[in-house]
Structure formats: structure tokens, C-alpha cells
Amino acid sequence: MSSSRRRITDEEINELISKLQTLLPESRRRNIGRASASKLLKETCSYIKSLHQEVDDLSDRLSDLIATMDSNSPQAEIIRSLLRS
């Protein structure tokens, strides 16, 4: 039974971990230093969760703002045009 999938090498894992670490904000990288892959993955998951929360919060704020606006106002049109972009 042969598999067409190739195994990823330790060097490739290290390269991916390094790339992942560069995607984290400086403040989060500082907390990790030269951490293990598992610590980096946990921190990355935590960061992604915080980004999701931030998006949800901004979405709620935008919904509240739109609900309080006159739908024919210039500000409402600006928001609609931004949402279409």
C-alpha cells in the first residue's frame, strides 16, 4: 500500500514555524522568544481568537452605528460604499 503523500521534513517544519512566528505581532513574539513549536502554535491560536473577537466587536459597533443613522444620509451612503468594496 503506497501513499502519494510525501512526509514533511524537520527542516520544512522549522521553516514553517519560523514563517508563522514572523506573522505574529511583535508584542506576542516577545512573549515567546525562541519557543517550542507547540508554544508558538498555542500563541498563534490565541492571537487568531483575539482577531475573531475584534472582528465581532467591530461588526457589532458597525451594526449599532447603522441602526442609529438615517438610511438616506451621506454618512450611511459612505458606509454602504465601504461595505461594497
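# A Helical Chain and Its Charged Side Chains

Glu 43 lies in helix H3. The model is a predicted one, in which local features require a pLDDT of at least 70 and side-chain atom pairs count only at pLDDT 80 or more, while totals for chains, interfaces and linings use all residues. Residues are numbered from 1 along each chain as its sequence is written, and side-chain values use heavy atoms, with hydrogens and water left out.

Glu 43 counts as buried because its relative accessibility is 18%. Here, buried means under 20% relative accessible area, exposed means over 50%, and partly exposed lies in between (1.4 Å probe, protein chains only). Glu 43 and Gln 21 are separated by 22 residues in sequence, and their C-alpha atoms are 9.5 Å apart in space. Of the 85 residues of the protein chain, 13% count as buried.

**Overall architecture and confidence**

The protein chain has 4 helices and 0 strands, and its pattern along the sequence reads α-α-α-α. Helices (H or I, at least four residues) and strands (E, at least two) are DSSP runs, numbered from the N terminus. Pro 25 belongs to the loop between H1 and H2. Pro 25 is partly exposed, because its relative accessible area is 26%. The C-alpha atoms of Pro 25 and Thr 44 are 10.0 Å apart, although 19 residues separate the two along the chain.

The confidence of the predictor in each residue is given by pLDDT, on a scale from 0 to 100. The average pLDDT of the protein chain is 84, and 89% of the residues score at least 70. Confidence is lowest in helix H2 (residues 26–32), where the mean is 70, and highest in H3, where it is 90.

**Salt bridges**

A salt bridge is a side-chain nitrogen of Lys or Arg within 4 Å of a carboxyl oxygen of Asp or Glu. The structure contains 4 salt bridges. The table includes some of them.

| Arg 6 | Glu 12 | 2.6 Å |

The charge labels follow a simple rule: Lys and Arg count as positive and Asp and Glu as negative, whereas His and the chain ends are not counted.

The partners of the first row can be described by their accessibility. Arg 6 is exposed, because its relative accessible area is 62%, whereas Glu 12 is partly exposed at 24% relative accessibility.

Glu 77, Arg 80 and Arg 84 are joined in a network of salt bridges. Arg 80 and Glu 77 both belong to helix H4 (residues 74–84), where they stand 3 residues apart, about one turn of the helix. Arg 80 is partly exposed at 35% relative accessibility, and Glu 77 is partly exposed at 36%. Arg 84 is exposed, since its relative accessible area is 58%.

**Surface patches**

Patches are made of residues with over 30% relative accessible area and no salt bridge; like charges are joined within 9 Å, and nonpolar side chains (Val, Leu, Ile, Met, Phe, Trp, Tyr) within 5 Å. The place of a charge is taken as NZ of Lys, CZ of Arg, CG of Asp or CD of Glu. Accessible areas come from the Shrake-Rupley method with a 1.4 Å probe, and for residues only the protein chains shown count as cover.

A patch of negative charge on the surface is formed by Glu 54, Asp 56, Asp 57, Asp 60 and Asp 64. Among these residues, Asp 56 is located in helix H3 (residues 37–68). Asp 56 counts as partly exposed because its relative accessibility is 44%.

A nonpolar patch on the surface consists of Ile 8, Ile 13 and Leu 16, which together have about 250 Å² of accessible area. Ile 8 is placed in the segment before helix H1 (10–23). With 46% relative accessibility, Ile 8 is partly exposed.
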